[in-house]
Amino acid sequence: MKVERVKGTRDFLPEEMAKRRWVFERIREVFERYNFHEVLTPTFEYTELFKLRSGEEVVKQLYAFLDKGGRDISLRPDMTSSVARLYVSAFQTAPKPIKWYYMANMFRYEEPQSGRYREFWQAGVELIGSDKVEADAEVIALFTESYLATGLEDFTVNIGDRVLLDEFARMLGVKDDIGLMRLIDKKDKLTKEEFVKALRDFGLSEEGVEKVLSLIEIKGEPNEVLPKAEELFTSEEAKAEIRRLYELVDLLDAYGVSKWIRIDLGIARGFDYYTSVVFEAIAPNDLGIGSIGGGGRYDNLIEVFGGKPTPATGFAIGVERLIPLLEWKGLIPEVKLRPDVYVIPIGKEVELRKTAVEVVSALRRAGVKADVELTGRKLRKALDYAGRLNVPYVVLIGKRDLENGNVTIRDMETGEQRVVKKEDVVKELVGALGL
């Protein structure tokens, strides 16, 4: 049997991990500035949890299996369901709002493609316990600033509304509004001809198809789109929702993120549990990458899981799509996987090797990235190795120097060497490195 990686998964080498860690750290800093706190739930849950959220249809994309005890288990396809389960089980009486964030891997059994894998990572938040538009604004502002923290500026956060889409379905006389939402959600993955055919196969008349095509073109600056929405939607529920969108836009302006905000009435989002405002981030690119994250309000999900009716909103950032985009734009700093100092004992004597360990340990305690020769290479080969790593400084521990209480510091760029007291080597190198 050939041992190989499972389809749809990846191995991350040190360079890739350094880039990913940089991205996660930028996002984490913003999450915590907004006073969100990290949680982590089990990698697998009972399959019933995901069926309750999305019905039997969701099982097709689950990594579902029976464990050794015969229990029906699934790897998590997202974190929202798990967080909702956690809230219902232990936090219903906790002070509101609850503000949690996560950074974790998810699993979905689907065909791998650009930016889409069977194991993937998301960074997201859930704000539980407020039905106010202020909560929507807080989450969307955080969503926007998370991307800005990575250096990305050429993107938009497009806001839609499921209440208005449900109203639109009623206007068309569609009974299966969820089915229509799923079709609209797939519009960007289809050609216009394929989308039109799908709408016809769904049962829409030619007039209905034209109305859907017109709806998905209602997008742009809020001050242009919302007046059009007022003309299109006339029910009291829809009018109230449009007023909420006006308030939301005003609050996002107060957050200072209005530059990136657009209204797009054709956004449905894939999950059925969204109940009001939905949103997604789009960044122009030549990589074939679409949405790089999204979210929305889900006020009914907690109740579906057996909790008291509790409003909630949140989002997830698609890390596997964001990182290639940041690399393409040259926004991730160059990775330097090397020590700043390399310590080499010149000889095999115990005292030389012991001193090398003492020096490298003192450097590390001082905050210097330092390594020590571990393979017993002779000086020339050890220096060649340090050169290939592009190490700035090498500390040479020689027998004659050590007898006088000295070591030698070598500048690998200039080749210059200077002898210093052993007890001064840390101070000298900290200063040379500007630490």
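Reader: How many bridges join strand 16 to strand 17?

Author: This is a predicted model. Strand 16 covers residues 406-411 and strand 17 covers residues 417-421. The two run antiparallel. Thr-408 stands opposite Val-419 in strand 17. The number of bridges joining the two strands is 5.

Reader: Which residue in the turn between strand 16 and strand 17 has a positive phi?

Author: The two strands form a hairpin, with 5 residues between them.

Reader: Is strand 13 largely enclosed or left open by the rest of the structure?

Author: Strand 13 spans residues 341-345. Val-341, Val-343 and Pro-345 point one way, while Tyr-342 and Ile-344 point the other way. Buried here means under 20% relative accessible area. Because 5 of the 5 residues are buried, strand 13 is largely enclosed.

Reader: Which residue of strand 14 stands opposite Val-341?

Author: Strand 14 covers residues 370-372. It pairs with strand 13 in the parallel sense, over 3 bridges. The residue opposite Val-341 is Ala-370.

Reader: Which strands stand at the edges of the open sheet of 9 strands?

Author: The order in this sheet is 1-5-6-12-11-10-7-9-8, and the pairing is mixed. Each edge strand has a single partner, so one side of each is left without a neighbour in the sheet. The edge strands are strand 1 (37-38) and strand 8 (219-220).

Reader: What is the bridge partner of Ile-282?

Author: Strand 10 covers residues 277-282, and strand 11 covers residues 291-297. They pair in the antiparallel sense over 4 bridges. In strand 11, the partner of Ile-282 is Ser-291.

Reader: At about what angle does helix 1 run to strand 5?

Author: Helix 1 lies across strand 1, strand 5, strand 6 and strand 12. Strand 5 spans 98-107. The angle of helix 1 to strand 5 is about 160 degrees.

Reader: How are helix 1 and helix 12 placed relative to each other?

Author: Helix 1 holds residues 14-33, and helix 12 holds residues 319-328. Their axes come within 11 Å and cross at roughly 105 degrees. Angles of 65 to 115 degrees count as roughly perpendicular. The two helices are therefore roughly perpendicular.

Reader: How many residues of the contact of helix 1 with helix 12 are charged?

Author: Helix 1 brings Lys-19, Arg-20, Val-23, Phe-24 and Ile-27 to the contact. Helix 12 brings Val-319, Glu-320, Leu-322, Ile-323, Leu-326 and Glu-327. Of these residues, 7 are nonpolar and none is polar. The charged residues number 4.

Reader: Which residues does Tyr-117 touch?

Author: Tyr-117 lies in the loop between strand 5 and strand 6. Tyr-117 is partly exposed, with a relative accessible area of 23%. Not counting residues up to four places away in sequence, the residues it touches are Gly-8, Arg-10, Arg-108, Glu-110 and Glu-320.

Reader: How far apart in space are Tyr-117 and Phe-168?

Author: In sequence, Tyr-117 and Phe-168 are 51 residues apart. In space, C-alpha to C-alpha, the distance is 34 Å.

Reader: What is the radius of gyration of the protein chain?

Author: The secondary structure comes to 16 helices and 17 strands. For 435 residues the globule rule gives 22 Å. The chain is well over that, so it is more spread out than a compact globule. Its radius of gyration is 28 Å.

Reader: What percentage of the residues of the protein chain count as buried?

Author: The C-alpha atoms fill a box of roughly 95 × 55 × 50 Å along the principal axes. The chain has 435 residues. The share that counts as buried is 49%.

Methods
Residues are numbered from 1 along each chain as its sequence is written. This is a predicted model: local features need pLDDT of at least 70, side-chain atom pairs count only at pLDDT 80 or more; totals for chains, interfaces and linings use all residues. Side-chain values use heavy atoms; hydrogens and water are left out. Axes are lines fitted to C-alpha atoms, for helices over the stretch in contact, and angles run from 0 to 180 degrees between N-to-C directions. Angles under 35 degrees count as roughly parallel, over 145 as roughly antiparallel, 65 to 115 as roughly perpendicular and the rest as oblique. Contact means heavy atoms within 4.5 Å. Ala, Val, Leu, Ile, Met, Phe, Trp, Tyr, Cys and Pro count as nonpolar, Asp, Glu, Lys and Arg as charged, and the others, Gly among them, as polar. Two strands pair if DSSP finds at least two bridges between them. The radius of gyration is taken over C-alpha atoms; the globule rule is 2.2 Å times the number of residues to the power 0.38. Buried means under 20% relative accessible area, exposed over 50%, partly exposed in between (1.4 Å probe, protein chains only).
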